[in-house]
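Please work through the exercises below with the sequence and the coordinates open beside you, and try each task before you read its solution.

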Amino acid sequence: MTTAPKKTTTKSRSTTTKKSTPIPELHRNPLVFEVLDLVSKQRSKAKKIEVLRKYNHPSLRAIFIWNFDESVISMLPPGEVPYSEFDDQTTYSGTLSTKISEEVRKMYETGSFSLGVSDTQGRTTIRREFKHFYHFIKGGNDSMSGLRRESMFINIIQGLHPLEAEILCLVKDKKLSDKYKITKEIVAEAYPDIKWGGRS
């Protein structure tokens, strides 16, 4: 009695490689909060670095240096930003930080981060204002009085999109990581040419 030869089946290994999901496209000159938000949404360190490299801009680097470099010392009082504007004194009391938080909360509730037609004030951006940041750190402009420095900071904050203003309030206290999932390690890898330390 002869037995039929066993069929030898060779399993072909399917080499399925995961397709890397492309990074969402932001518009040509994205606001800093849009870039930071996009970085935060990335799950892997490699993707976060990719976003930072793709949207590299001196204003973004300035924010990271101010926030993560221990040798950069803020010359602004820590904590809440005081709010005082003549027109609003009768209608609003509190801090600028609180007002910004309220505006940001409303934006998240409505899902709209564009001020659109409601932006009648012609807002500025961190991209435009970052060249003034040296006034707010030790060794930048030490001859400026504390009162003038604070007034200048408040003026910039009040002219920014609420989410940009929130970033500056976080950065002055080195608390950017409280809101955005970005670390010094990720920034250092994305921008290896940044020299850390020895700034003040």
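The exercises that follow concern a predicted model, and they go from the whole chain to single residues.

**Exercise 1. Describe the secondary structure of the protein chain and how its residues are buried and connected.**

Solution. Next, consider burial, where 40% of the 200 residues count as buried. Then turn to the contacts with a separation of 6 or more, of which 72% are accounted for by residues 24 or more positions apart. Finally, the accessible surface comes to about 12800 Å², and carbon and sulfur atoms hold 53% of that area.

**Exercise 2. Decide which stretches have pLDDT under 50.**

Solution. For the chain as a whole, the mean pLDDT is 81, and 70% of the residues reach 70 or more. Within the chain, pLDDT stays under 50 over residues 84-93, for which the model has 8 contacts beyond four places in sequence, and also over residues 115-120, for which the model has 4 such contacts. Where pLDDT is low, the predicted coordinates should not be read in detail.

**Exercise 3. Characterise the contact between helices H6 and H7.**

Solution. First take the geometry: the axes of helix H6 (residues 146-159) and H7 come within 7 Å and cross at roughly 145°. The residues that make this contact are Phe153, Ile156 and Ile157 on H6, together with Ala165, Leu168 and Cys169 on H7. Sorted by class, the contact has 6 nonpolar residues, no polar and no charged ones.

**Exercise 4. Is Lys172 buried or exposed, and what does Lys172 touch?**

Solution. Locate the residue first: Lys172 lies in the loop between helix H7 (162-171) and helix H8 (184-190). Its relative accessibility is 5%, and because buried means under 20%, Lys172 counts as buried. Beyond four places in sequence, Lys172 touches Trp66, Ser74, Leu76, Pro77, Pro78, Gly79, Val81 and Phe153.

Note on methods: Residues numbered from 1 in each chain as written. Predicted model: local features only at pLDDT ≥ 70, side-chain atom pairs only at ≥ 80, totals over all residues. Heavy atoms only, no water. Buried < 20%, exposed > 50% of the residue type's maximum accessible area, 1.4 Å probe, protein only. Contact = heavy atoms within 4.5 Å. Areas by Shrake-Rupley, 256 points an atom, 1.4 Å probe, with all protein chains shown as cover. Helix = DSSP H or I, 4+ residues; strand = E, 2+ residues; numbered from the N terminus. Axes fitted to C-alpha atoms, helices over the stretch in contact; angles between N-to-C directions. Nonpolar A, V, L, I, M, F, W, Y, C, P; charged D, E, K, R; others polar. pLDDT = per-residue confidence, 0-100.
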